[in-house]
Amino acid sequence: MSIEDIRIATGLKNALLNAGITWEKIMDSGTEEIASTLGIDWYVASLIKREAEKTRTEILNSTLLLA
C-alpha cells in the first residue's frame, strides 16, 4: 500500500510525499502529528487519516476475497 492508493486530492498526496510521510507513518501517527508535520488544519489531517484507514480496509478485504 502506498500514498497513491489513498483517495485524497493530488496536492495532499504530494504534500505527504514531499514531507517523507509513508503509509505506515500515517497508520502509526495521530491526527495531530500529521497536521503538525504538514502544517495543515487538524480536520484535513483527520480526513487524510480516515481515508487511509478506509483504503487499507478495502484493499485487505479485496485481497481476502481473491484468496
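**Confidence in the model**

- Among the elements of the protein, the highest mean pLDDT, 95, belongs to H1, whereas H4 has the lowest, 89.
- Where pLDDT is low, the predicted coordinates should not be read in detail.

**The largest nonpolar core**

- The largest nonpolar core contains 14 residues, of which Ile 6, Leu 16, Ile 26, Leu 38 and Ile 48 touch the most other members.
- Two or more residues of this core come from each of helix H2 (23-28), helix H3 (31-38) and H4.
- Leu 16 is found in helix H1 and is buried, with a relative accessible area of 0%.
- Beyond its neighbours within four places in sequence, Leu 16 is in contact with Ile 3, Ile 8, Ile 21, Ile 26, Leu 38 and Ile 48.

- Thr 55 lies in helix H4 and counts as buried because its relative accessibility is 3%.
- When residues up to four places away in sequence are not counted, Thr 55 touches Asp 5, Ile 6, Arg 7 and Trp 23.

**Salt bridges**

- A search of the whole structure finds three salt bridges.
- One of them joins the side chains of Glu 58 and Arg 7, at 2.7 Å from N to O.
- Glu 58 lies in helix H4 and Arg 7 in the segment before helix H1 (10-18), so this pair ties together parts that are 51 residues apart in sequence.
- Glu 58 is partly exposed, with a relative accessible area of 31%, whereas Arg 7 counts as exposed at 52% relative accessibility.
- A salt bridge is also formed by Glu 33 and Lys 25, with their closest N and O atoms 2.9 Å apart.
- Glu 33 counts as partly exposed at 37% relative accessibility, and Lys 25 is likewise partly exposed, with a relative accessible area of 36%.
- The side chains of Glu 53 and Lys 49 meet in a salt bridge at 4.0 Å, N to O.
- Glu 53 and Lys 49 are four residues apart in helix H4, so about one helical turn separates them.
- Glu 53 is partly exposed, with a relative accessible area of 32%, while Lys 49 is buried, with a relative accessible area of 12%.

**A nonpolar patch on the surface**

- Trp 42, Tyr 43 and Leu 47 form a nonpolar patch on the surface.
- Together, these residues of the patch have about 320 Å² of accessible area.
- Leu 47, the residue of the opening question, has its place in helix H4 (residues 42-66).

Methods. Residues numbered from 1 in each chain as written. Predicted model: local features only at pLDDT ≥ 70, side-chain atom pairs only at ≥ 80, totals over all residues. Heavy atoms only, no water. Patch = residues over 30% accessible without salt bridge, like charges linked within 9 Å, V, L, I, M, F, W, Y side chains within 5 Å. Areas by Shrake-Rupley, 256 points an atom, 1.4 Å probe, with all protein chains shown as cover. Core = buried A, V, L, I, M, F, W, Y, C linked by side-chain atoms within 4.5 Å. Buried < 20%, exposed > 50% of the residue type's maximum accessible area, 1.4 Å probe, protein only. Contact = heavy atoms within 4.5 Å. pLDDT = per-residue confidence, 0-100.
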